[in-house]
Amino acid sequence: MTGWLVRPRRPVRAYSVLCWTAVGLFAAVLAAVAVTIGAESARAWAHAGLGFLWSGTWNPARDHYGGGLLVVGTVVTTGCAMLLAVPIGLGIAVYLAELSPRWLSAPVSAAIDLLAAVPSIVVGLWALLVVSPFFARDVEPTLARTPGLRSVFAGPAYGPGILLAAVVLTIMVLPTVVALSRNALQAVSGAEREAARALGATPWQVVRTAVLPAARPGIAGAVTLAVGRALGESIAVAMVIGNRPGLPRSLLQPGATLGSAIVNQFGEASPGLGESSVVALAAVLLALTVAVNAAGIGLLGRGGPPGRPAPGPPRRLAESPGAVGPAGAGPTGLVLLADPIDAATRSLPRRRWASRVMYNLCAACVIAGAAPLVALLYYTIARGHGALSLGFLTQAPRPAGIPGGGIATAISGSAKIVGLGLVMAVPVGLLSALFLYDRRGKAAGTIRFGADVLTGVPSIVLGIFAYGVLVRPFHHSSTVAAGFALAVLMVPIMIGGNEEALRAVPEDLFEAGLALGARRARVAGRIVVREALARLVTANLLAASRGVGETAPLLFTVAAPSAALTLLIFDRGPQAFASAQQTAWACALVLLAAVLALGATARAVAWRLTRHQR
Amino acid sequence: MRRTASGVLMAVLAGATLAGCSSQAKAPTAAPQVTDRLGVAYDTATASVATLNGAGANSIDPFFEKVFYDYHSANSKTTVNYSPAGSSVGAKDIEQGTVDFADSEIPLASTDLAAATGGAILQIPVDLGGVAISYNLPGVSGGLKLDGPILAAIFDGAITKWNDPRIAAVSGATSLPDIPVVPVHRADSSGPGWDLDSYLLKTAPAWGAKTGASNPSKTWPLTNVGLGEQLNTGVANYVHQTAGAIGYVEYGYALQAGFTNSALKNQSGAFVSPSLASIAAAGTQASGLSATNFSIIDEPGAGTYPLANFSWTLVYQKQADRAKGLALGKLIDYVTTTGQRQAGPLGYAPLPAAVASLAASTLQQLQTATGAPLFQ
């Protein structure tokens, strides 16, 4: 709409140069990720060819490298996670968007948004120390004894294995599924609901016949993005999957995924073919996630992302009588009418009964989804709080056996790394978003797509990238390299969030400013950014909270475990004695508090703002 | 206090190759200055600030953590970061030059050394440790004895239950429970894995046929049996929380976790449990120890534990940054001398005198960028 107004009419000014520089930097990083991963894996591809993808042998001792079993393991664990996450997540989303009382839906939704930020290392720690023994002792033997399930859950109950990894992934992707599908459900117009209601549909029938079909593309997008996230999760999976590549014959069997193998192998892979082969695993993972995420973005775009009107053909109301299952984003509201079974043969009490059952099922999904998260929070607090004291937060770590000591170096290290990442990422994120705000067209579309895709790139891949461009060439691991890895992770999140924040500012303001003869930089800085400031802060805080909780990008870029909270958890968590485990829990508690505080602050800022605007 | 420490170490080592150097050990009384067998006055007040980054063996970590902590307490200008990510990580990092020092449970072979980007690498023995075969059997508080063939049968999946008569036959233990055996191996490559593989190759005729290899490997050769866990900590944690689990962990970790450990049959036919004494006994079997003749697996002797090894610290011979090189040399010298006193309580045996002097003479080979000796 703004095209003719915002097209540059004046000579290029510093503002424009800055924006272009930022976008150029971002594009360069995007390209560098692809080129680095491609170039570093070239030797493996040259050595093994495409056979790398289906050869099952991974034996560094004999220079045999094949990623086939790891691809299978990745697909199987992700698939199992989706079997759990999609029904539960959809149930929760439906409950929150359609069935729950309003007073309940708002706080639960907010809690789910916050929990999306729970760092994977914390989930991994909890799964390793709490869930794994429980599974080995109780859950897995029971499954193995249950008639009908025996063939799927056969063999010894180890604890760590495909099942446990799938459960961990489920917990990690559930917030994504819930939040995005809830948005998709809420974006369905009220008219369709009311039409169905007017025709006498029960609450569940409204959902089934009017809302779900219309929201289908959005839900598909949500599921696809969740698949992308599950594929790329590495740290938490490596902690609980049992690290045994093989064709899965039972879900209790230990397995391995691309991500877990990279975590275990990259550090020690010998320079040359070995390392190149691990990077080739990263390349496969990158290709998989980019493809899946691109599909997800496409689906969300088609169905209309939250808040934006859905493009596409105008909806028609009636369709031919036989079309019970509406295809695509087609018209739905009156399918009820056309469904003779529902309308005529089913009595009202039966329909009410069905509605009740579905209502309760959805509520059960909320409990099923919330239970692990509540348990996770409970254990982190219960096992971590005992170690917390002023001394613990302000003293450097001490070796086992020496009383006192704390996690001060880890706290300051994490703060330095994230701070450095923010210094690099915030300007690029803001200027790139201004660039996107200002322009339509191919360049903007490409950058936007690039940002969306980079958001879904597994963080372990970014860790390898930072190692390749900053650690190896400069001969030491460093805060700078770790901060850079986090910056690359945060920038695309910031671009997306910032752009949304800027778009929330009425365009008239920008145009009015220009019409008064002000320079673009002035309009952008004084009017648009100022007006959007609270939302921008929110977006950047959310990105920061994501960065604080990351482990994988630091794994190959930081000198010692005591130099970052997440790494200290990864190091102390699996120790087999109480004091080290307590340190890990306490770190997890501090980390969780930091992440949730950032997220809560971000949302409080946004909330105050919207209230003010209301 | 440092001076006392220095005096003690000199008393121990005066007879070794460094008699000449020790004559310089006349520290001025007032200044916090330490002169030791490396022969360079090291003024802790004027020494330049150095941060030394290291990476490598996970097995040595409890020892390193303690010794580095002590060293930093006495020499606040030297800060040491150690990433215990595994021997192979250390080997790679030193080859790539991304760390100042590395540590490997198994010294690097000449082919690996050739890949190093910064020239010749010195390998210095810094501790003597053992690998425990730890198990978790509720109600069984010890007494398990295993030999090579039975251990091989456990780790190749042939024995699946603890009450298998083959275990009872060698162990003499009669009442082992009827629960599954869960063998745990290292998912990453490791020194303890090399040690156990080496022991099984030497003592269990069928093992080599199963693994298809005749030389021990740091990467665990049979990954399709049991469970793989990352680092000693991962294996120890799994054994700790799972009834029926058996795994190999550095003795220091087993000690820390309070594990019950199996006695193993050594070359003389004696069943020996891991302990400071039995690991030290293995250390005394080393003769003509060097980076190419390092194995002390399955040595003879009534009290010799068959799974023991020296850990090796790796540094570049030529230190481009002289100040840093000095700090590094001093640190490793401390580790191999005074620091050895910390070994016992943590589950490592102090270095035998001959090995300590090998460490000292190797450190003497450190050079500046131009090839001049760093310590004279």
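Biologist: Which residue forms a salt bridge with A:Arg572?

Modeller: B:Glu65 does, with the closest N and O atoms 3.9 Å apart. A:Arg572 sits in helix α23 of chain A and B:Glu65 in helix α3 of chain B, so this pair joins two chains. A salt bridge here is a side-chain nitrogen of Lys or Arg within 4 Å of a carboxyl oxygen of Asp or Glu. Helices (H or I, at least four residues) and strands (E, at least two) are DSSP runs numbered from the N terminus.

Biologist: What kind of model is this, and how is it numbered?

Modeller: It is a predicted model: local features need pLDDT of at least 70, side-chain atom pairs count only at pLDDT 80 or more, and totals for chains, interfaces and linings use all residues. Residues are numbered from 1 along each chain as its sequence is written, chains are lettered from A and ligands numbered from 1 in the order written, and side-chain values use heavy atoms, leaving out hydrogens and water.

Biologist: How many salt bridges between chain A and chain B?

Modeller: Two. Over all chains the rule gives 15.

Biologist: Which side chain meets B:Lys92 in a salt bridge?

Modeller: That of A:Glu275, at 2.6 Å, N to O.

Biologist: And how many residue pairs are in polar contact between chain A and chain B?

Modeller: There are 12, both residues at pLDDT 80 or more. A polar contact is a pair of N or O atoms within 3.5 Å; within protein, one must be able to donate a hydrogen and the other to accept it, and residues adjacent in sequence count only if both atoms are side-chain atoms.

Biologist: Which elements give two or more residues to the side of chain A that touches chain B?

Modeller: α5 (120-145), α10 (258-265), α18 (459-474) and α23 (565-572) of chain A. The largest share, four residues, comes from α5(A). By class, that side of chain A has 24 nonpolar, 12 polar and eight charged residues. Ala, Val, Leu, Ile, Met, Phe, Trp, Tyr, Cys and Pro count as nonpolar, Asp, Glu, Lys and Arg as charged, and the others, Gly among them, as polar.

Biologist: How much do chain A and chain B bury between them?

Modeller: About 3,500 Å², with 52% of it on carbon and sulfur atoms. In chain A, A:Tyr158, A:Glu268 and A:Ala576 lose the most area to chain B, together 17% of what that side buries. Buried area is the accessible area (1.4 Å probe) that two parts lose on being put together, summed over both. The contact (heavy atoms within 4.5 Å) takes 44 residues from chain A and 46 from chain B.

Biologist: Switching to chain B. Which domains is it divided into?

Modeller: Domain 1 (37-129 + 309-368) and domain 2 (131-308). The bounds come from an automatic or database domain assignment. The C-alpha centres of these two domains of chain B lie 28 Å apart.

Biologist: What area is buried between domain 1 and domain 2 of chain B?

Modeller: About 2,200 Å², of which carbon and sulfur atoms give 64%. In domain 1 of chain B, B:Asn58, B:Ile106 and B:Asn309 lose the most area to domain 2, together 24% of what that side buries. Across this interface the rule finds zero salt bridges and five residue pairs in polar contact.

Biologist: Last one. In what order do the three strands of the open sheet in chain B run?

Modeller: β7-β12-β13, with mixed pairing. The edge strands, β7 (145-146) and β13 (271-272) of chain B, each pair on one side only. Two strands pair if DSSP finds at least two bridges between them. β7(B) and β12 (residues 263-265) of chain B run parallel, joined by two bridges. B:Lys145 stands opposite B:Ala263 in β12(B).
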